[in-house]
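User: I am new to this structure and would like to go through it by question and answer. Please keep the answers plain.

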Amino acid sequence: MKIKMILPALTEAESPLWRPIKYTLFPPLGLATLAAFLSSDDEIDLQDQHVEQLRLDDAPDLVMIQVYITNAFRAYRIADHYRRKGCYVILGGLHVTSLPDEALAHADSIFIGPGEDTFPRFLADFKKRAPQRVYTSDNRTLAGIPPIRRDLIKRHLYLVPNSIVVTRGCPHHCNFCYKDAFFEGGKTFYTQLVDEALAEINRLPGRHLYFLDDHLLGNAKFAESLFEGMRGMNRVFQGASTVDAILRGNLIEKAADAGLRSLFVGFETFSSKNLKQSNKKQNLEKDYTKAVDRLHSLGIMINGSFVFGLDDDDGDVFKRTVDWGVNHGITTATYHILTPYPGTALYRSMEVDGRILTRDWDRYDTRHVVYKTKTLTAQELEAGYWWAYNTFYSWQNIVKSSLYHDSVKHIGKHFLYTGGWKKFEPLWNFMIKTGGLNSMLPLLESILSQVKPQKSGGNVLPHSEKELVGLVD
Ligand code: SF4
């Protein structure tokens, strides 16, 4: 059987305003995971439009397309194209799960929720020529799933080919997050078997790993065993977690021992009203500064995530947020305009209140205002969002935040990582165009090398100034 797997480009990835490097980081792991359920006789062509020109002149037996909100319209056009040719088209992913009726109009079958249980069921039905229209995941387990078909991934086209996911979902329930919608009807957080996760890690060449799990420390027992198993593997890795998990117990020390060198942390907002509005209970009354200092004391760099536009935000929120990040030595910041994704509790409540302004999914990219704001106008919100990015990543602030750290090595790492990520666009574009992106990996690995643990806290700002913004995230 001939199978075409497609990840269509997100709309923002092709906009002249956007940075190609941001969309050539990770390979399409979800599709490669499902490809493992196909037979070794099958001819599989996996295409990622972020890194290659899509070829649409073929006529495979089966076309599988992964749909996110901002590639949805493009995905539907590709699906319609193949259906006109008589190919069997299946759609799955976050957006399909959120809006199954919309997706069904463009597909022969759709998949709701994760595909590890439903895709094998579909394949059996497809072989019997009796596939169903809708497959809904209800049996959630990762035990014994076949190894990801990494041979289908064009590694040289990605900066971070060694991305890996060892859990699914998250134990929390933030109201703006897709997580609850995607995992509805079954377990919403579950892990691989530790041995299978370690075996997957062992199969990956080189030193660097990027865990794409929503919350790598979400199951302490699993994470502890994983980190124990990784000690001595000589890996350096990046991942994501939450403020409360950083502050609780000593799991973060174990992660650092195993090679954790940079962590994505969802601070989101400094306002407790905003946290309550977002049902982000795990951040309530948590000492953000303490979490940051703990990570820095272990030599772990921080990518802080922040959301603008929650109902308690005022005109100062942009400056307050940027200043806090700079003054606390946050390595990189990811800012978002609040976006009510369909299927989420936030979307439902905004819909009830008549606050949804558009259903043009291309604009749901966290850079546009798509809902009626309360305290800020849409113009103020979008202007503030851009101001925050430009200000945080000014050379002056990159230098200032780098100097937060005590050790010279940590200062150097911070400066190179942030400056390299944001200030050398022509170099990144050149490497992408010449297909040499993957050759930058040794440099990334050396920037992520270990720094000696430093004493808690940085060396630039007086304590009172650090506390200026109070308890935050
Ligand atoms: S902690 Fe992160 S992944 Fe978990 S529900 Fe909240 S936003 Fe989603």
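Analyst: This is a predicted model, in which local features need pLDDT of at least 70 and side-chain atom pairs count only at pLDDT 80 or more, while totals for chains, interfaces and linings use all residues. Residues are numbered from 1 along each chain as its sequence is written.

User: In the loop between helix H11 and helix H12, is Glu285 buried or exposed?

Analyst: Helices (H or I, at least four residues) and strands (E, at least two) are DSSP runs numbered from the N terminus. A residue is buried if 20 or more other C-beta atoms, placed from the backbone, lie within 10 Å of its own, exposed if 12 or fewer, and partly exposed in between. Glu285 sits between helix H11 (272-277) and helix H12 (288-297). It has 9 C-beta neighbours inside 10 Å, so Glu285 is exposed.

User: What is the phi of Arg129?

Analyst: Most residues other than glycine have a negative phi. Arg129, in the loop between helix H5 (118-127) and strand E6 (134-136), is exposed because 6 other C-beta atoms lie within 10 Å. Its phi is positive although Arg129 is not a glycine, with a value near 60°.

User: Which residue is 5.9 Å from Gly384, C-alpha to C-alpha?

Analyst: Gly384 belongs to helix H15 (residues 378-392). It has 23 C-beta neighbours inside 10 Å and therefore counts as buried. The residue at 5.9 Å from Gly384, and 66 residues apart from it in sequence, is Phe318.

User: How many residues of the shell around the ligand are charged?

Analyst: A residue is near a molecule if its C-beta atom, placed from the backbone, lies within 6 Å of it. The residues around the ligand include Cys170, His172, Lys179 and Asp214. Ala, Val, Leu, Ile, Met, Phe, Trp, Tyr, Cys and Pro count as nonpolar, Asp, Glu, Lys and Arg as charged, and the others, Gly among them, as polar. The shell divides into 3 nonpolar and 5 polar residues, and the number of charged ones is 2.

User: Which residue in E13 stands opposite Leu263?

Analyst: Strand E12 (residues 260-268) and strand E13 (residues 301-308) run parallel and are joined by 6 bridges. Opposite Leu263 stands Ile302.

User: What is the bridge partner of Lys2 in E2?

Analyst: A second open sheet of 6 strands, also with parallel pairing, has the order E2-E1-E3-E4-E5-E6. Strand E1 (residues 2-7) and E2 pair over 6 bridges. The partner of Lys2 is Glu43.

User: Is H7 oblique or roughly parallel to H8?

Analyst: Axes are lines fitted to C-alpha atoms, for helices over the stretch in contact, and angles run from 0 to 180 degrees between N-to-C directions. Angles under 35 degrees count as roughly parallel, over 145 as roughly antiparallel, 65 to 115 as roughly perpendicular and the rest as oblique. The axes of H7 (residues 194-203) and H8 (residues 220-230) come within 10 Å and cross at roughly 40°. That angle makes H7 to H8 oblique.

Methods:
Two strands pair if DSSP finds at least two bridges between them.
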